[in-house]
Amino acid sequence: MRRSSTDESTYRRSPFPESKEPGFARGGPFRRCSSLYGRAGAGDAGEAGGGFFGLHSTPGPKAAQARYTTPKGNKYVVFYLDLSFIFLLELKRCSMARGCLQGVKYLMFAFNLLFWLGGCGVLGVGIWLAATQGNFATLSSSFPSLSAANLLIVTGTFVMAIGFVGCIGALKENKCLLLTFFVLLLLVFLLEATIAVLFFAYSDKIDSYAQQDLKKGLHLYGTPGNVGLTNAWSIIQTDFRCCGVSNYTDWFEVYNATRVPDSCCLEFSDSCGLHEPGTWWKSPCYETVKAWLQENLIAVGIFGLCTALVQILGLTFAMTMYCQVVKADTYCA
């Protein structure tokens, strides 16, 4: 039985290659839905033939491989770029840390070099005083070794040792030496601060004890083995125009007579201390020296502040360089 022409035309007509309707041809709604579902699920789209109702053919294996391989390759490229960027940032940070470390290193070396040279100068003056003047400025009978020469020698040696440790630690970037320098300088700073606080807190008791000790030291004046004490009292009484600790009568107990050293005379001459009291200085040496220190209190305070500032700078440089060395070893090893 033959089909009618109308039925045959119905089966042979295909809307896709020839139809100009926007719904079936290029970019129609079926094609849009096919493309959307094809992007959303690659497996579903492959099973459905790439679109709705089997209207489109399934993509070939090369296209599918390209579609799956390209995003994976892009991910690797992005990952490598991220690693490179992180590496460059770390390298830049390490170079900046190394630059900061070098700057702090040279500053610390210069500071400790000056510190060491200052210690050498103090030690030299102390040795010169000990060699030429004996126990210069030994005024205390209770502490005969507490002379100006000995104090300068001990101070200069200690300062030289601290400066040497700081210089070597800065040059070698050694954490142990830097930490040792910091601890030693911190101990010195705390000791000085403690002495200053105790001095101002017990100033009255210190005045009383110092006067009693100085009066005991007068009995050693002019005796063998006490050249430093004799020279110290002679220089003080001559330069400050004073006599005795609290009065010129302090010497009467020393000589058991109405007599004073020749350095107490208004006009120096041999045996002038045997003359009348009207030819002697009347001012007490202890109060005179104390008044001189009070008049120059600003200079003494500035000297103390400068010393404290230098020590604080040394502590800051040491701790900063120590932290930079630790950071460089941690991040840039």
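The model is predicted, so local features need pLDDT of at least 70 and side-chain atom pairs pLDDT 80 or more, while totals for chains, interfaces and linings use all residues. Residues are numbered from 1 along each chain as its sequence is written, and side-chain values use heavy atoms, without hydrogens and water.

The protein chain has 12 helices and 0 strands, where helices (H or I, at least four residues) and strands (E, at least two) are DSSP runs numbered from the N terminus. Of its 333 residues, 25% count as buried (under 20% relative accessible area, with exposed over 50% and partly exposed in between, 1.4 Å probe, protein chains only).

By the rule applied, a pair of cysteine sulfur atoms within 2.5 Å, the chain holds 3 disulfides. In one of them, the sulfur atoms of C242 and C285 are 2.1 Å apart. C242 lies in the loop between α9 (227-240) and α10 (250-255) and C285 in helix α11 (residues 285-295), so this pair ties together parts that are 43 residues apart in sequence. C242 is buried at 0% relative accessibility, and C285 is buried at 3%.

C243 and C264 form another disulfide, with sulfur atoms 2.2 Å apart. C243 lies in the loop between α9 and α10 and C264 in the loop between α10 and α11, so the pair ties together parts 21 residues apart in sequence.
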